[in-house]
Structures are given as C-alpha cells and as structure tokens.
Amino acid sequence: MKQACSCVLLVLLWQRVTAVLNPLRHNDCHSRAVSMETRILDNYLTDQHTVTVIESCTEIPIMSPYCLHNPVPLNAFTLHRFQAFVHQSLEHTTQELEYRTNECFVGSGHMDDLLTELLPYLSEYNPRAKVMLITQEMADQELAELFHAAWYRYRLLQLIVLNHRANDTIESCLFNPFRKALSPELRYLPTGKSDLHCRLLTDGQQLDAYNRELNLFIDDRVYNLNGYPLNIAMHVSNGSTSAYDCILGTVSFTDIDQEILSIMQKQMNFSLILHKNELELSIGYIHQNGTPVGTLGLIEQNAIDLAANSRIIHNYDTRNLLYLHYISTEKLVFITPRNYFRNRDKTQVFINPFSVAYMLTNVLLSFGVPMIIFLLEYAARRLDVPREPSSHTFGTKVLNLVGIIYNVSVKLPRADRKRWIIVGLLVYNIVSYPIWQGVTIRYLHPSNQQVNNINSLEELIETELELKVSHYHEHIVRHEGPHFQSPVYSALSGRLSTRNTSSLRDSIEQIIMHGNSALLIAEEYVPLVLAGNYRWIPGKPDGIWPIQKPIYEFYKSMAVPKTSPFAGTFNAIVLHCVEAGMNDRFKHQLETAVQLMQIRRVREHPSVPDYIVFNMEHLLPLFIFYFAMLLLSGGIFLIELAVHAFQASRARSQQRAPLRVPVEEYVPFEFVH
C-alpha cells in the first residue's frame, strides 16, 4: 500500500514539476542549461580576477561559477551578509578613489528582489564591476524595467541578464541606451523590450558565435553613439592661451583639448551638449567646506559625461572620479622683476663682510706696522737707547717678519725711506683677494643676469614682493598648499594673493613698472611672456625674470565619472592623440609663436637695454692701477737695491777692511725658494 501511494505521489509530483522550471542542483554542471550558462560566464569573465556569488534566492540557485573551466577565486555571500559587507566597506573606506574593474558579481532572484535588495548595494559598492543576473521566466516588460533602472538609476553599466525560459532555453539580454530615442527635452524615454539586445539560446553550438557577437556588442556600444547627446563641461577659449591674448596679439593656435574633443566626436559620433564654465570653474577643486566645485561637482552629481580641459593636481578625497591618462605635465613658476637687486654683484664682490674685514686688516698692517717701527726707532734715538748691530735691529726683525707674512721673500733695506717701499707691495696685497674674488664671481656669472636677479624660491621669500596668482590657478594652490612638507612651499603658499590678477596685462605692468610683485604662471608660457614686446609700457622691453625652479606641478587631463561607459574609449582616443604627436605639435606651435614675438620685439625695440651688465671691462682700470703700482714699487725697490750694492762695492774698494776672524752674519729667518 505504501509503495502504491509513493508511486502515485511521484507521478503527481512529476506532472506538477513539468509545468514549472526544474530547480538547478550542484550536480547539474553537465546539464545543457548550466553548460550554456557557464560558457557565457567564461567568456564574460575575460580579464576578471574575482567572482562574487550572491545567493539571494533559493528558488533560483546559482551553478555556473562553480562549474567554470578556468576557475577564478570565488567569494560567496548571502544577500544579507553582502548588504552588511557593503555598509562596513563604505564606513571604513574613505581614501579609495577608484572602483575596481576586475570584479564580477553573479546574483539571482526575481524582479522585486533584484531591484530593491541587490542592485542598490551593487551600485554603492562598485558600479564599474561586471554583473550577471540569473532569473527565471521574467516578462519582457520586467526585463526592460530592470535594465532601465540599472542603467539610469543605479549606473550599473556592465550588466547581462540570463533569463531561463525553459529547462534548455536561455534568453541572454543586454542593453544599448544609445539606440534609444529621446524626447524633445533630451530626456530618456521609457525603455521597452525593443531597446534590448536579446538572444534565445537552445543549443551549445550557438554559443561560439554568440560569444563573439556579445564581445563585439560590448566593444561597439560606445564607439558608435548615433548622435547620443553627451554632456560636456569645458571652458571654451581661443586656444589654451586665452589668458595671454594680450601678449599673443594676432598669433593664435588650436586648443589641444578642443582638438581631442573634436576627434572624439568624429570617432564616436555623438552630439555635444556643452556646459560653458567660467575660467576658474573649468578646473575641479574642493571647496573649504569639502564640497566638490566646478567640474568635480558636476562629476560627483553624474551631471556630465566628460570634463574637458580640467586641470587636476591632487587625488581628491572622492569616490566617483576617474582621471584619464595624462596629456602633459604643467609646472607653475614665478616671474619676478628683472635686476631686482641692482648692484648686488658689486656688493657680493667688494662690500661683503669678509672682503671689508680683509681689506681693513691689511690697511692697518700695511700702514700701522711701519709707522710703529718708525716711532719706536725714533724714540730709541732720542733716548739714546743702546743699539745692536744693524742686522739685529728690532725694526729689521719686525719688517722681516712682516715680509714673511706677506710673502715678501727678500731681505728688507735698513733705511727708513726704503722701508716704505714695503707699503707699495702691501697695498697691492690689500686688494688682491677682492680683485680675484671678483674675477671668480664674474667667471661663474658672466653677467649680472644671475647675480642681480632672484634665482631661487628661498631668495624670493626674503624679499618684500607681493606674490600673486591668478584665479585660474589659485584653487589648485590653495588645496595643495597645506599638504606640502617643504617650509619654503608652505611660506610661499601663505603669501599668495589673487588681488588685481584678472588681467595679465596689468599684472605684468605692475612687475615691470613698479617692481613690487611677482606672478605665478604656467612654465610653458614663460617664453611667451618673455618674448612679449609690452608696447603699452614705453622704454621697458625687458622687465621680468623667471625663477627656473617650479613651485607647483599639476596635470592637464580629461575627467569622466567612474560610472561612465565611455571611460575606456576616452582613454584609447586620448592615448591615440598623444601618440600621434598632438602634444608635441601644440608645443611646436607655442615655440613658433615665441619666435614670431621675438622677431617683432627686436624690430620694434632695437635700442640697447637700459641696464648695464657688470663684466670684466669694468675691472680693467682697477687692474691697470694696481699692476702699475706693483711695477713701480718693484722697480723702485730694485733700483734701491742696485744703488745700495753699488755704494757698498765702491766703499770697499776705496778703503781696505782690517783683517779679523769672519763672523757668521745673523739671519733671523731663512727663506726657502
């Protein structure tokens, strides 16, 4: 009886089960449906490192991740555990700035569970990850609503849905919003089944062709937008040097950002909705209260698809930003008044403490020592002090000592008038060190360009100049300043002011005419500023000097929201533009403009600069004077020696010296030649 009841029960159950989809079990890896699902997931997981399985519905179990032919690390969560994990991750992760692109999530469930319990948490944790949702017998309209909410509300842009229609039939669906029609107000119309890209798969032999079609669909989805309106924030200018148009005059060249944007538009076939920002808002920065401002604010609010000519200096503390490969590096340097220190070259050579002390010491020794000797011997003669032989006199010893000190390696004469010859030799020694110090400095610095100008940030801090920065760069500097470890950078950052910097013409005029300020500008445009003719400032063709060492360095890049589907394509196009030499061409155009400005400046200002370059010619009279003094002193000294020798020889020949035992003459010092 029991066996009969069991058979009847099994028959009833079989009849009931055939009316619905059979649940999948872990031992069903080789079933046709699971095999097809596994092969789709295998192809979808290209370049993915981890797979997270979220068991959200027991009625629709997940089998394919456990049946992969090339296993990857698996993480398994229940739905509630995953929700708690997302909450903890958001609380503890404050510095993570990029969503990982190598993650894949596999979940299952019905329409209500997916929309309210799973998709919001996936969007919060990582909207850039690949997501595969497995469901059963979902209606066409529900599928359309699921994709519409996932794309527009939750920004889950890499979503594939496997809808099991029967035991051996899978409907694989993707979404391409760029084929959708728009309302006249550029609003997204409701999504229907016709907007989805779905394919029924009933046989494993279809999968090879379908996987190739799937990859091609994903790759081409953003390469041909068919006029899809992209919201782009950009400062529209007549070239990147719009702030320098007062210098360029009629010279202009193409903005590299606008040119890359034009190439993007042609290759991707989108229509452009341009948000024109003010110059200072075309960069992204963080307000003092922590709110993203400018393009960063638009990116954080998912209000734009691309922020062109966005200048980024720092990895801001935000989660929703992605910066493309950098086009070029920009450096900010100071331009200062030329010849600011004026006569510092002469000050460094002659009027520095060491030179002054050296000369004063020599003056005292040169004139003081002979005078003291003269006074002592005069007093000795008046007081009839017994005197030693002439070779042992106090004056002779002292003068010999002085001669050794001053490298005079000859025996000095005894007569007072002859001793003053030493003065000529010592006077030359007075100026020898400063003169050769000047020669050395002039050799190291052939002109006053390096000596009389401000050449380092440390020298700039020591001046009383007002340090100015434009509004365009001020946000970057203000954000970066407190994070600098260098006290020099911190000090300069604290002194920066944006007062009266709306016009570059006025700022440069203040530097040239009054010499009371310095301006922080991009290093790339320093040659352009130096080549300016400054026709509005009469008689001042050259008035500014750049400090070569940069104080700030930042990047010129295009930024897109992390959840944007265009990130990879934008990256590829920007890299293609850079590799094609656009950046080099931009710099060559800038160099051409500089050369044209220099030619025009020389033609309009052929006069000699009004400042005098301090060189060796200015030292020529000093050398002539002191070398003449040296020759005169040496000549007189030699003549005196010759006369003394002649007189001594004549005296010996006239009278015969008495015979006596020769005594070795006392010599206080021996001179080694």
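Why does threonine 169 count as buried? Threonine 169 counts as buried because its relative accessibility is 18%, and buried means under 20% relative accessible area, with exposed over 50% and partly exposed in between (1.4 Å probe, protein chains only). Threonine 169 is placed in strand β6, which covers residues 169-175. Leaving out residues up to four places away in sequence, threonine 169 touches Asn163, His164, Leu200, Leu201 and Thr202, where contact means heavy atoms within 4.5 Å.

The structure is a predicted model, in which local features need pLDDT of at least 70, side-chain atom pairs count only at pLDDT 80 or more, and totals for chains, interfaces and linings use all residues. Residues are numbered from 1 along each chain as its sequence is written, and side-chain values use heavy atoms, with hydrogens and water left out.

The protein chain contains 23 helices and 18 strands. Helices (H or I, at least four residues) and strands (E, at least two) are DSSP runs, numbered from the N terminus. The chain has 673 residues, of which 46% are buried. Among contacts between residues at least 6 apart in sequence, 81% join residues at least 24 apart.

Next come the nonpolar cores. A nonpolar core is a set of buried Ala, Val, Leu, Ile, Met, Phe, Trp, Tyr and Cys residues joined through side-chain atoms within 4.5 Å. The largest one has 87 residues, and Met264 and Phe334 touch the most other members. Helix α4 (residues 111-125) supplies the largest share of this core, eight residues. Another core, of 24 residues, lies apart from it and includes Val53, Ile160, Leu207 and Phe217. Methionine 264 touches Asn269, Phe270, Leu306, Met558, Phe570, Ile573 and Val574, again not counting residues up to four places away in sequence.

Two pairs of helices can now be followed. Two packed helices are described by the angle between their axes and the distance between the axes. Axes are lines fitted to C-alpha atoms, for helices over the stretch in contact, and angles run from 0 to 180 degrees between N-to-C directions. The axes of helix α2 (residues 32-44) and helix α6 (residues 207-220) come within 10 Å and cross at roughly 35°. In this pair, Met36, Arg39, Ile40, Asn43 and Tyr44 of α2 meet residues of α6 including Leu207, Tyr210 and Leu214. By class, the contact of α2 with α6 has seven nonpolar, three polar and two charged residues. Here Ala, Val, Leu, Ile, Met, Phe, Trp, Tyr, Cys and Pro count as nonpolar, Asp, Glu, Lys and Arg as charged, and the others, Gly among them, as polar.

The other pair is helix α8 (residues 256-268) with helix α22 (residues 582-604), whose axes come within 11 Å and cross at roughly 145°. From α8, Ile256, Glu259, Ile260 and Ile263 meet Met582, Asn583, Arg585 and Phe586 of α22. Five nonpolar, one polar and two charged residues make up the contact of α8 with α22.

Two asparagines in loops complete the tour. Asparagine 339, in the loop between β14 (328-337) and α10 (344-349), has a positive phi of about 55° although it is not a glycine. Asparagine 500 also is not a glycine and has a positive phi, of about 60°. Asparagine 500 lies in the loop between α18 (487-495) and α19 (504-513), and counts as exposed because its relative accessibility is 52%.
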